[in-house]
Amino acid sequence: MIITIEENIKVSILCPVYNHEKYIRQALESFLAQKTDFRYEVIVNDDASTDRSAEIIREFAEKYPDIIVPLFHEENTYSKGISPIGKFMIPVARGQYFAFCEGDDYWTDENKLQIQVDWMDSHPEYSMCAHNTRSIHCDTGKTELYNSRYKEDRDLTLRDVLHGVNGVYHATSVLVRANFIIEPPDFYYISEKHKVGDDPLAITHAIYGKIHYINRTMSVYRIKSTPTAWSSRIHENACIIDRLHGAVEMYEALKKHIPDEYMELLEKTLLDYKWELLQAEGKFSELRRPPFDKIFKEKELKQRLWIYMKQYLPGAYRLYLKLIGHEESLPETMKKKK
């Protein structure tokens, strides 16, 4: 992959869009509101939306032709296993840095890019920086900080991100050096084919670069914004299994990259994901056999009782999922045979 970096464009904002008609205007306005002493561009990729997203993007592209770079597709590429960011957006991006924000999320601080670029410019040994985010649950209206653990600026180590970045930082907060992700390691591609890219990106930077976390809330992540959003499908059993298969494959490939001091942690993390995969596949009896029996014994009594119920009282568990509206998360092995 060839990336053309132009000296006068400092940041390329990568914004994937699919059926974000309700939100894309706010996202684009939050990008355009950035106060910087440098030029930036916004690469907006509409993946064959069936609503008015493309129309709104064209409106902004016509009004801000020097900033908005629109990409449109006649067929949805994500459903075909293609990553819009890696396949279409990065190849045309010209910035020295990449920032990310999907079309249903937005930024809340007009100084976000300037703050992050200033940090990265003055710390050339760092390859990535991130910050805190506010999550909004679109179904309930509840809001919360994405990271409630860190109360100050700090560096993130491999130990912080090895088990995933959920609760550490959200993708809307990331700024990375463009030349650092031209050719990611093999474990990144393995995970990406299962549509999980945030975790391997963080692990890559933690191994081969340095990550800085800024304790300032500068973006919003909308949860369950649309029926096709990742957060809306997270309880689907097929989605869970695919994600966990991707995690297991990725961590297996990661073994040849990771420093020896983290190998024990990696093995434990890998075992945890295999444990979760067995649950998603409905193989509950295996959870109490070596090498998973140790994990089972460490679980709280309540969690162990849930596993027993899934195995021996599947009807009760099916009823519970129906009551909470998560029937789609039921393993195939527990579904009633017609």
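Helices (H or I, at least four residues) and strands (E, at least two) are DSSP runs, numbered from the N terminus. This is a predicted model, where local features need pLDDT of at least 70 and side-chain atom pairs count only at pLDDT 80 or more, while totals for chains, interfaces and linings use all residues. Residues are numbered from 1 along each chain as its sequence is written, and side-chain values use heavy atoms, with hydrogens and water left out.

View 1. The C-alpha trace spans about 65 × 45 × 35 Å along the principal axes. Buried residues make up 51% of the 338; buried means under 20% relative accessible area, exposed over 50%, and partly exposed in between (1.4 Å probe, protein chains only).

**View 2. Here is the largest nonpolar core, with 47 residues.** A nonpolar core is a set of buried Ala, Val, Leu, Ile, Met, Phe, Trp, Tyr and Cys residues joined through side-chain atoms within 4.5 Å. Phe98, Leu158, Tyr169, Ile203 and Tyr251 touch the most other members. Elements giving two or more residues to this core include strand 4 (97-100), helix 7 (198-208) and helix 9 (237-254). Helix 9 gives the most, with nine residues. A second, separate core of 29 residues includes Val44, Trp107, Tyr126 and Leu175. In soluble globular proteins, nonpolar side chains tend to be buried together.

**View 3. Asn19 sits in the loop between strand 1 (11-17) and helix 1 (24-32).** Phi of Asn19 is near 50°, a positive value in a residue other than glycine. Most residues other than glycine have a negative phi, and most peptide bonds are trans. Asn19 is buried, at a relative accessible area of 19%.

**View 4. Ala48 is in the loop between strand 2 (40-46) and helix 2 (53-63).** Ala48 isn't a glycine, but has a positive phi of about 60°. With 14% relative accessibility, Ala48 counts as buried.

**View 5. Look for the cis peptide bond from Pro290 to Pro291.** Omega of this bond is near 5°. Pro291 belongs to the loop between helix 10 and helix 11 (293-298).

**View 6. Asp155 is part of strand 8 (residues 154-156).** Its relative accessible area is 33%, making Asp155 partly exposed. Not counting residues up to four places away in sequence, Asp155 touches Tyr126, Asp160, Lys210, Ile211 and His212; contact means heavy atoms within 4.5 Å. Asp155 and Arg318 are 163 residues apart in sequence, and their C-alpha atoms are 44 Å apart in space.

**View 7. Arg134 is found in strand 6.** Arg134 is partly exposed, with a relative accessible area of 33%. Setting aside neighbours within four places in sequence, Arg134 has contacts with Thr143, Glu144, Leu145, Thr217, Ser219, Val220 and Tyr221. Tyr320 is 186 residues from Arg134 along the chain, and 30 Å separates their C-alpha atoms.
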